[in-house]
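Thanks for coming, everyone. Let me put the structure on the screen, and then we will walk through it.

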There are 2 protein chains.
Amino acid sequence: MNTTTPTKPMRADARRNRERILTAARALFARERPDVQIDDVAREAGVGVGTVYRHFPDKQALMGELVKERFKIFNERMRRAIAEGEDQPFEALAAAIRDNAASVAEDAATRFALMSGGEAVFEHAGAEKDEFLRLARKLVLRARRAGELRPDFQAHDVPMVMCGVCATIDRRGAPWDWRRHLELVISGMASTSER
Amino acid sequence: MNTTTPTKPMRADARRNRERILTAARALFARERPDVQIDDVAREAGVGVGTVYRHFPDKQALMGELVKERFKIFNERMRRAIAEGEDQPFEALAAAIRDNAASVAEDAATRFALMSGGEAVFEHAGAEKDEFLRLARKLVLRARRAGELRPDFQAHDVPMVMCGVCATIDRRGAPWDWRRHLELVISGMASTSER
DNA sequence: TATCATACGGAGCTACGATTCCGTTTCGGG
DNA sequence: CCCGAAACGGAATCGTAGCTCCGTATGATA
């Protein structure tokens, strides 16, 4: 289950390089405009292309790993919301969504992968995605029971709205503010009687 | 100003082919999964690649034309909302947004261009985009004056929310429904006191 | 219908970016 | 300190998709 120690201990330099590659990829996506090339990642990481391909069979796998890590962060945040939000179920859900949005906002790599990546990228993070949905379901059910959430809101709608907000984050020079978008959506999620 | 008759009358076959190319492009985008190639467009249109390039200097220009046409449709709908929605300013705005969303939902080409297209695509439809914003401003101001719209909602937010909903339309196999997303956002747009 | 400007077709050129291959280097257990 | 397995580097390969070029066909005008 532990992905950092799959089966064999892995040589020290290999472990280090793997990390460097992931870091480099994140850095490049944060800086570059369009897509990022494997060659660039390799250069930024101070490593040869071959090394990148030893760690990640293809580009999709690299992207997939970035997405997987981000989902782990999402999930941690969701768990916290479940643990701490007993008394304010809706606010707990909303806060988790806000934090997760802020989290992707800082992570152009995941945003790019999420918007333009193929199936394979998603499959790579499949387990984490499932876990995310499981957690979302809990939060949604609880908020709905409390009557604070619009009754037709589904667990699936959590990734849906995050996807929507995500799409409005990096439009270069767009004159809008994705944070307002987020607040708009969140207030739309509230049950009609609540606000 | 009239784009269909720029300066010279254009030979009959040329006019016909131009239309075929646009139709073919739309059809392919609606059918294919990923991006669509110029060669495919040419084949589908029953035309040589060279002909495509005679009419559109590059791929961006072709995409741009598709986007431009869609914006013209948007704008028509917005004008109607302005003309007919005197009595229900918020509903007029909401209805226009709903119809426009349904409109892009049927137009994978524009969706793709909007999500993955570069600057050039947008510039091609620049005039229509500006007009769209002008119309949005009118609708938004009227609805806000009527107190039916949340006060911090801007004209720019109209394309913003459309962009967000757009992003959730073609996710293959996503278990969510973009129509619910749309309704969520629209109810979030309403002024707090209204609903 | 003769003429010519305009438009067409599509093979081929080019650029670019993912991926492979293999000789060299480095870790780590004995 | 030595050796073999594990990793590395990066030049070279391969495939793809956008775009060009030029010989041929065709609509429009007199």
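Leaving aside neighbours within four places in sequence, which residues is Ile38(B) in contact with? There are three names to note: Val49(B), Val52(B) and Lys59(B). Keep in mind that this is a predicted model.

Stay with Ile38(B) for a moment. Find helix α2 of chain B, residues 38-45, and you have found its place. Now take Val49(B) from that contact list. Eleven residues separate Ile38(B) and Val49(B) in sequence, yet C-alpha to C-alpha they are 7.0 Å apart in space. Is Ile38(B) buried, exposed or partly exposed? It counts as partly exposed, because 16 other C-beta atoms lie within 10 Å, and buried would take 20 or more.

Next, the DNA. The largest share, four residues, belongs to α3(B). By type, this surface has nine charged residues, eight nonpolar and six polar.

Last stop: where the two chains meet. Here 23 residues of chain A are in contact with 23 residues of chain B. On the chain A side, α6 (108-116), α9 (157-167) and α10 (178-189) give two or more residues each. That side divides into eleven nonpolar, eight polar and four charged residues.

That's the tour. Over to you.

Definitions and conventions: Residues are numbered from 1 along each chain as its sequence is written. Chains are lettered from A and ligands numbered from 1 in the order in which they are written. This is a predicted model: local features need pLDDT of at least 70, side-chain atom pairs count only at pLDDT 80 or more; totals for chains, interfaces and linings use all residues. Ala, Val, Leu, Ile, Met, Phe, Trp, Tyr, Cys and Pro count as nonpolar, Asp, Glu, Lys and Arg as charged, and the others, Gly among them, as polar. Two residues are in contact if their C-beta atoms, placed from the backbone, lie within 7 Å. A residue is buried if 20 or more other C-beta atoms lie within 10 Å of its own, exposed if 12 or fewer, and partly exposed in between; C-beta atoms are placed from the backbone.
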